[in-house]
Amino acid sequence: MGAKRRLYAAGEAMERATSFEAWLEAATEHDALSGAEAWRADDASPHYDAAGLRESLATLRAARESGEGLRLATLLTEDLYRHLNDLSTPDLYERALTGTKHLVERYLEEAEASLRWLAAWPELGRPQKLQRFELAYKVFGRSALLLSGGATWGFHHLGVVKALLDRGLLPHIISGSSTGAMVAAGICARSDDELRGLFADPRQMRLDGLVPVGASKSVKSGAWLDPEKLYEVLLHNCGGWTFAEAFARSGRALNISVSPTRHRQKPRLLTHLTAPDVLIARAALASSALPGLFPPVVLHKRGHDGGVADYVPSERWVDGSLWGDLPKQRLSRLHNVNHFIVSQTNPLVLPLLQHGRKRGVRATVAGLVGATVRNQGGFAADLARRARPPGPVGQVAEQAYAFVNQEFHGDIDIHPRLTWSSYKKVVSNPTYDDLSQFILEGERAVWPQVAKIRNQTRIGAAFRECVAQLATDAAPAR
């Protein structure tokens, strides 16, 4: 078989892969045949300082191997600040499928090894090390996974979470809006072992949450679907936990966006920090209440007596995607997040983003068309908002303006493959066969990004693990 045919066969094998291992084997062959592996082995690139990185790597290794802890701490602070921004540039991840320059990966491996060595260094007491690591971690920042809205397409998020969990890359801060809120709530209410059990048997989940209420009731309520039926399914899939209880169970910080129905009310990001006693299933219901499909929702909380009561009874909330599909600014303030992994499944957004970071004439033209559509849509929504007619029309104009003017990108963007035929299923209950396909397509969207995600999150993950270990070791015995 000729080289071109082998290259094509490797591409086909990646498309058909049903496991990361099968995908990686095909991708490795593709990189070897395409010349991408030779590119990885060559340190030279205009996108980073190869000579400086080699020098930093050698210096860090020498300080670690000679046991110079204080010098190593100083070097790490200087070198990470100097190099990490360059090493995160998208251009370093566009050439090869299986990773970036080997020099970059060797440097990150050494930086991580040096951090872990410092955490175990016996010549500095645990309280001092903990204080230094906590400060350094705060300065460094954290990563979060953001799950967009997307109606039925949002079930792709399950595959994204599975792929990240399988590779040990799932961030402990997870945000969700609309369907993304449903998925995030279910994920953050489960331990890692419980999640693996769920993915081993997805039929544990109920998928029958979308039930029409009938024409007469729909006219009275202004909503087409039954919120109580969806809430029943959410309680089954997510449990009756509060935000604080979910955090205690899983160690994952759940964040759910909800949008206001009142003109002067602000959108909220519900978390164990801002709304510890609110029920996560009710928050997911509110975040999924797209006007026209579901009525606005009153949140519920668990009281001191263990009973359930309304939370801020005078306020009602709707779909979180309208005002905060990707609430990056609020996540930054609440959790010190400065790195965002976005799983985007919103059917109104995906067509405008599919070509956003690709190269070539077709991608450029598609990007220009998408930008034009978005700009014109934003202009029209702004005109309607400024006119501000009374009643529901004015409210819709305000929500449209808020939605169009959001930012839908992250530092790393994960998009499922867009097929126009799937639009007919965008607001319908999936079958279990559909669910399996959604999960597989979500995994496939992650696999080409695994190396990039690992490299861009490994130092933050090492900081977090070191801080957790030092805090455990420093805690007094009971």
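Asn346 is found in the loop between strand β8 (337–343) and helix α17 (350–353). Helices (H or I, at least four residues) and strands (E, at least two) are DSSP runs, numbered from the N terminus. This is a predicted model, in which local features need pLDDT of at least 70 and side-chain atom pairs count only at pLDDT 80 or more, while totals for chains, interfaces and linings use all residues. Residues are numbered from 1 along each chain as its sequence is written, and side-chain values use heavy atoms, with hydrogens and water left out.

**Asn346**

- Asn346 is buried, with a relative accessible area of 6%. Buried means under 20% relative accessible area, exposed over 50%, and partly exposed in between (1.4 Å probe, protein chains only).
- From C-alpha to C-alpha, Asn346 and Val426 are 9.7 Å apart in space. In sequence, 80 residues separate Asn346 from Val426.

**Helices α8 and α9**

- Two packed helices are described by the angle between their axes and the distance between the axes.
- Helix α8 (residues 156–166) packs with helix α9 (residues 179–188) at an angle of about 35°. The axes of α8 and α9 are 9 Å apart. Axes are lines fitted to C-alpha atoms, for helices over the stretch in contact, and angles run from 0 to 180 degrees between N-to-C directions.
- His157, Leu158 and Val161 in α8 meet Gly180, Val183 and Ile187 in α9. Contact here means heavy atoms within 4.5 Å.
- By class, the contact of α8 with α9 has four nonpolar, two polar and no charged residues. Ala, Val, Leu, Ile, Met, Phe, Trp, Tyr, Cys and Pro count as nonpolar, Asp, Glu, Lys and Arg as charged, and the others, Gly among them, as polar.
- Ten of the ten residues of α9 are buried, so α9 is largely enclosed by the rest of the structure. Among them are Thr179, Met182 and Cys188.

**Aromatic rings**

- Rings of Phe, Tyr and Trp (its six-membered ring) pair if their centres lie within 6.5 Å; planes under 30 degrees apart count as stacked, over 60 as edge-to-face and the rest as tilted. By this rule there are six aromatic pairs.
- Trp117 and Trp121 are stacked, because their ring centres are 6.1 Å apart and their planes lie at 25°. Trp117 is partly exposed at 24% relative accessible area, whereas Trp121 is buried at 9%.
- Tyr137 and Phe463 are also stacked, with ring centres 6.1 Å apart and planes at 15°. Tyr137 lies in helix α7 (residues 126–140) and Phe463 in helix α21 (residues 450–474), so the pair ties together parts that are 326 residues apart in sequence.
- Tyr137 is buried at 7% relative accessibility. Phe463 is buried at 5%.
- Phe133, Tyr137, Phe140 and Phe463 are linked into a cluster by ring pairs.

**Charges over rings**

- The charged end of Arg282 sits over the ring of Tyr231, 5.0 Å from the ring centre. A charge sits over a ring if NZ of Lys or CZ of Arg is within 6 Å of the ring centre and within 35 degrees of the ring normal.
- Lys328 lies over the face of Phe340, at 5.7 Å from the ring centre.

**Positive phi**

- Most residues other than glycine have a negative phi.
- Val312 has a positive phi, near 50°. Val312 is placed in the loop between β6 (308–311) and β7 (317–318).
- Asn336 has a positive phi of about 60°. Asn336 lies in the loop between α16 (328–335) and β8.
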